[in-house]
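Welcome, and thanks for taking a look at this one with me. Please open the sequence and the model side by side before reading on.

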Amino acid sequence: VGLDPARHPLEVKRRVGYVAENALLYESLTVAEFLLFVGRIHGIDEALIARRANECLSAFELDARLDSRIAELSKGMRQKVLLTAALLHAPPVILLDEPLSGLDVSSQLLVKEIVRRLAANGRAILFSSHVMDVVERLCTRIVILRDGKIAAQGTFDELAATQHGGSLEGIFAHLTGEDDVGVRAQRVVEAITT
């Protein structure tokens with residue numbers, strides 16, 4: 001975005017769409033009211049808010065719930081509303097923290113395809129997840145953190161080359177010192193079977 005969030009927090013927020021793992025929404029509002037509220041915060045014309053919201057909700061097969069109170073929605077439905085809200089203002093930067101949380105398989109496939117197409121369309125997307133196979137298949141660049149510090153970064157191929165191949169899950173386990181999973185799992189199995 002090219003702006004310092006500490007010095008220009010409102011400008012940064014205008015350019016960023018954010019999806020949290022757990023959708024914290026105004027539960028007393030309807031889906032339509034919430035999306036109208038979010039759109040107005042971003043200064044979007046009401047007709048454009050309605051068009052974008054309806055298109056997103058229709059894609060998520062949630063358009064029939066437009067007048068439902070958010071409190072009545074399942075976790076997956078709330079996640080779809082949050083995704084719609086994050087994309088409503090067409091931000092150039094999108095931060096996704098476990099965006100697939102609570103979604104059914106069909107919706108997960110849709111979100112992954114939306115992410116691919118937005119990235120291809122020039123959007124910068126930060127996809128944070130603990131699901132390594134999704135990260136491996138979806139992300140063009142990967143950063144692995146250990147204790148809040150970067151342990152490795154690069155494309156999957158670059159990480160695999162420096163770590164002598166394997167899956168991203170295996171690379172992650174090696175870099176974060178989690179390669180003793182088998183030993184720890186055996187301790188659990190022995191504890192409950194003997």
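Predicted model: local features only at pLDDT ≥ 70, side-chain atom pairs only at ≥ 80, totals over all residues.

1. The chain has 194 residues, and its C-alpha atoms fill a box of roughly 60 × 45 × 30 Å along the principal axes.

2. Both helices and strands are present: nine of the former and five of the latter. If you trace the chain from the N terminus, the order reads α-β-α-α-α-β-α-β-α-β-β-α-α-α.

3. How much of the chain is buried? The share is 34% of the residues. The accessible surface comes to about 11700 Å², and carbon and sulfur atoms account for 54% of that area.

4. For contacts between residues at least 6 apart in sequence, 61% join residues at least 24 apart.

5. On charge, you will find 22 positive and 26 negative side chains in the chain. The centres of these two sets lie 5 Å apart.

6. Now for a closer look at helix H8, which spans residues 168-175. Which of its residues are buried? They are Leu168, Ile171, Ala173 and Leu175.

7. What do these buried residues of H8 pack against? Their partners include two helices, H6 (132-138) and H7 (156-162), along with strands E4 (142-146) and E5 (149-154).

Methods:
Residues numbered from 1 in each chain as written. Heavy atoms only, no water. Helix = DSSP H or I, 4+ residues; strand = E, 2+ residues; numbered from the N terminus. Buried < 20%, exposed > 50% of the residue type's maximum accessible area, 1.4 Å probe, protein only. Contact = heavy atoms within 4.5 Å. Areas by Shrake-Rupley, 256 points an atom, 1.4 Å probe, with all protein chains shown as cover. Lys, Arg positive; Asp, Glu negative; His and termini not counted. Charge placed at Lys NZ, Arg CZ, Asp CG, Glu CD.
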